[in-house]
Amino acid sequence: MSPLSLKENHRRSIATALGLLDETLCLFEEYAKGREIHSVFFEERNVLTTRQRKALLEEIGRLREIMREIKETLGLRIRIVDVSKKIWGSGAGFWEILAELEPKRLRAYGSVPEELGAFLKPTVSALIEGMMRISSIVGKEMSSPTDIS
């Protein structure tokens, strides 16, 4: 069976929406398999029961079968995300967020005690520099995006 004929705008819109759904299902699958993250300012608690985990994996499987049918029927391609580009983009975006923690910018929310400013200035600078180093680690050898059928 040959794929249905689609306008490129329709193809792109459908593939984008289903790609985002698929990415979300991958995260849900990780949770169903027990993913928990424990870090400094971020923690996940995975209290899903064995029954919930099994049901999630079954439903994810059903949804993926529907998506496979749509992909084949419409002749859609998968999107391959280069992890280095994802890291670089997220890292670069955080420079601005972290810069908002600098004492001179925090003044927008009221006066900044001298002691707080003295503490934040070097630590925020170290965070920004670290994120720049992370971006440069992966940015040096980023490859071009790829689509495959």
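Helices α1 and α2 cross in a left-handed way; left-handed here means that the near helix is turned anticlockwise from the far one by less than a right angle, while clockwise would be right-handed. In this predicted model, local features need pLDDT of at least 70, side-chain atom pairs count only at pLDDT 80 or more, and totals for chains, interfaces and linings use all residues. Residues are numbered from 1 along each chain as its sequence is written, and side-chain values use heavy atoms, with hydrogens and water left out.

To find the pair, look at residues 8–32 for α1 and 50–74 for α2: they pack at an angle of about 160°, and their axes are 10 Å apart. The axes are lines fitted to C-alpha atoms, for helices over the stretch in contact, and the angles run from 0 to 180 degrees between N-to-C directions.

Who touches whom? On the α1 side you'll find Leu18, Leu21 and Phe28 among others, and they face a set in α2 that includes Leu56, Ile60 and Met67; contact means heavy atoms within 4.5 Å. Sorted by class, this contact has 15 nonpolar, no polar and five charged residues. Ala, Val, Leu, Ile, Met, Phe, Trp, Tyr, Cys and Pro count as nonpolar, Asp, Glu, Lys and Arg as charged, and the others, Gly among them, as polar.

By class, the α3–α5 contact has 14 nonpolar, four polar and no charged residues.

Zoom out, and the protein has five helices and two strands, running α-α-β-α-α-α-β from the N terminus. Both kinds of element are DSSP runs, numbered from the N terminus: helices are H or I with at least four residues, strands E with at least two. The C-alpha trace spans about 70 × 40 × 30 Å along its principal axes. Of the 149 residues, 17% count as buried, that is, under 20% relative accessible area with a 1.4 Å probe and protein chains only (exposed is over 50%, partly exposed in between).
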